[in-house]
Amino acid sequence: MTTRRTHRKTAANSAASPNTARALVVGLTQVDPNAYGSWDGRSGCWGCDDDAEKMRSLLEREGYEVTMLIDAKATLAAVRNELKAAAAWAEAGHTFFFYYSGHGDRMEDQKKGTKGHDEADGWDETLCLYDGQLRDDVLNDTWVAFPKGSAIFIMSDCCHSGTNYRGLGRTKQAVDFVRDLNGDPRMKASLLHISGCRDEEVSIGEEDGGAFTTVVVNTWDKGRFPGTWDTFHDAIANALTTGQRPQGNLYGPESDALATRRPFEPLSAIQAVAARGGTRKVSAVGNKDIPSLTLESVARLATSAPRDGSSISSATSSLDELGKPGSKEFIREVQNRLCQHGLYDPGAIDGIPGPFTDWALGEFKIMARTHDEPGVGSRTAAALLETDLHKYFPLSDSGTDLTARTIRLMKRLGHWICRHPDCVNIVYLEGVNPDGTKNDDRPDVFNDLRMLIRVVRGKAVAEKVWEGTTEPGRHWTEKPMNPKGAARIAFGQFYAWSVGIHNNSHEALRQVEAVTVHRDLNKDYKRTGDKTETGVFYINQHWGYDMPVSSLGNSSAGCLVGRTKSGHRDFMAIIKADARAEASRGYRFTTTIMDGSQLD
């Protein structure tokens with residue numbers, strides 16, 4: 001395996017808010033023979049650098065700022081320095097993720113009566129770093145330095161890893177999370193650990209990576225896994241077929257709540273306040289409790305604020321201080337109002353805080369001129385409840401050009417339109433020429449349009465328009481991949497695509513959520529009368545391999561296709577520069593597919 005350089009993702013590019021989520025990813029395919037009695041560690045750890053790369057990608061997608069240490073970079077000093085730096089950086093609301101893939105070993109525990117003597121079985125678990133072994137006792141000294149209200153997540157894909165995050169003097173379980181009752185009294189942070197195996201077991205490695213990490217990545221499925229850390233751990237345990245039993249551990253005074261969180265999700269400000277023991281009282285309005293938070297109840301605080309000229313924001317509290325910590329109902333209400341103001345995709349409304357919600361709320365507050373107010377205070381709540389939904393992000397549909405006609409059709413059909421100037425709307429018009437005229441929508445021809453529409457100062461403008469197709473060509477209609485018939489995507493709007501790779505060939509928007517398709521079993525190249533099916537069918541948005549306008553060839557089996565490679569590259573460049581994608585890695589794009597014959 002080739003040795004990769006240390007990789008650090010800058011905070012400016014992080015999907016989470018700057019400096020709130022960090023990760024250290026360590027992978028070793030070899031060790032220094034001088035430190036291990038001539039043993040070089042190459043056998044059994046061929047794919048550990050690949051493991052590290054997979055986890056780096058996963059964590060960055062979830063908003064972490066990642067430091068990666070591979071092989072000779074992963075020395076005792078380097079790893080310990082990174083861990084110490086993380087403990088010094090952390091504060092309430094911060095999240096640190098530590099991932100290790102390499103050899104694991106056991107060393108005889110320190111003698112009774114000496115520092116570090118804590119193992120009932122007489123053995124310390126270790127990580128085999130490049131120039132020496134790192135004991136679990138040393139790791140424990142790092143974790144106890146993290147402050148109250150911070151969270152630590154650890155995954156270790158190595159042998160003897162059941163409790164290698166610290167010493168633990170009791171028998172462990174194989175499936176359910178173990179509550180570490182013999183914890184260090186100095187421990188203030190919350191810690192969740194999942195290992196590749198139990199202390200007495202070995203983890204299996206393949207040339208393309210460890211069995212445990214492979215199952216973790218596949219089970220997570222780029223964020224499509226629907227459960228919590230608890231159910232995620234169970235799913236991993238059930239999926240492993242190598243005989244090793246992954247173990248889950250909870251450590252720290254308030255760690256139980258971590259098991260019920262979405263896997264890999266950094267702490268939000270709301271949960272951070274709960275961890276701090278934050279208040280739900282508003283001192284300047286009489287210290288009244290707010291048992292059930294709504295935007296309306298927060299907005300009403302403005303009428304109760306002092307009238308001595310002081311800022312209303314100083315008399316109210318932010319979202320995390322006012323509401324029930326982690327209240328899905330309140331967060332969902334905020335997201336829904338952001339959606340109505342043209343900033344938040346309807347499909348993304350889930351009541352769960354994250355980088356996309358943070359971005360949308362921040363942009364709204366700038367336009368509403370409430371950005372000096374922390375969280376969702378009274379002025380922000382009042383602005384969100386504004387009945388004129390085009391006050392802050394206006395949109396006019398007047399005009400006779402193709403873009404204005406497209407916007408009018410979207411409105412008429414009830415489709416959502418993003419109105420932020422740094423974002424684009426992805427639209428496909430079936431049976432329309434680049435000049436805006438309608439055509440006969442003949443099969444097997446690039447006679448549809450792929451469009452990117454941006455709203456700037458209230459006017460919709462076409463960022464780019466390309467020749468494309470929304471339909472399978474003759475080749476795949478006559479020889480469908482599915483016995484039910486070729487897939488022809490239904491007209492409508494779907495929140496279903498993220499940046500990825502199509503067919504191991506080129507960058508594209510990959511389908512990651514369900515869409516509805518019509519199955520053209522009778523091969524009449526029409527949707528009429530066809531049975532529909534909803535699911536993930538890999539209806540990707542990719543290029544058409546520079547096929548001629550007059551023939552799709554085998555370029556489309558039902559995907560959303562831009563005809564030319566150069567045009568598709570432009571399409572992807574604009575997509576990746578979308579403010580939502582930059583704010584939230586793995587952002588899912590909404591795409592609208594419409595019948596062009598309905599244009600006015």
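Student: Are phenylalanine 356 and tyrosine 587 buried or exposed?
Tutor: Phenylalanine 356 and tyrosine 587 are both buried, where buried means under 20% relative accessible area, exposed over 50% and partly exposed in between, for a 1.4 Å probe and protein chains only. Please keep in mind that this is a predicted model, in which local features need pLDDT of at least 70 and side-chain atom pairs count only at pLDDT 80 or more, while totals for chains, interfaces and linings use all residues. Residues are numbered from 1 along each chain as its sequence is written, and side-chain values use heavy atoms, with hydrogens and water left out.

Student: OK, and how much of the chain is buried?
Tutor: Of the 600 residues in the chain, 55% are buried.

Student: How many helices and strands are there?
Tutor: The chain has 17 helices and 26 strands, taken as DSSP runs numbered from the N terminus (helices are H or I, at least four residues; strands are E, at least two).

Student: Back to the rings, then. How many aromatic pairs are there?
Tutor: The count comes to 22 aromatic pairs, a pair being Phe, Tyr or Trp rings (for Trp the six-membered one) with centres within 6.5 Å, called stacked if the planes are under 30 degrees apart, edge-to-face if over 60 and tilted otherwise. One of them is stacked and joins phenylalanine 153 to tryptophan 229, with 5.4 Å from centre to centre and 25° between the planes.

Student: Which parts does that pair tie together?
Tutor: Phenylalanine 153 belongs to strand 8 (residues 151-157) and tryptophan 229 to helix 5 (residues 229-239), so the pair links parts that are 76 residues apart in sequence. Phenylalanine 153 is buried at a relative accessible area of 0%, and tryptophan 229 is buried too, at 1%.

Student: Which residues form an aromatic cluster?
Tutor: One such cluster is formed by Tyr64, Phe97, Phe153, Trp220, Phe225, Trp229, Phe232 and Phe264.

Student: Switching to helix 16, which of its residues are buried?
Tutor: In helix 16 the buried residues are Gly567, His568, Phe571, Met572, Ile574 and Ile575. Looking down the axis, these buried residues fall within an arc of 160°, so they line one face of helix 16; the arc is that of the directions from the helix axis to the C-beta atoms.

Student: What follows helix 1?
Tutor: Helix 1 is followed by glycine 63, which has a positive phi, near 105°. Within helix 1, the buried residues include Cys48, Asp49, Met55 and Arg56.

Student: Last one: where is arginine 488?
Tutor: Arginine 488 is in strand 19 (residues 486-489), and this arginine is buried, with a relative accessible area of 1%.
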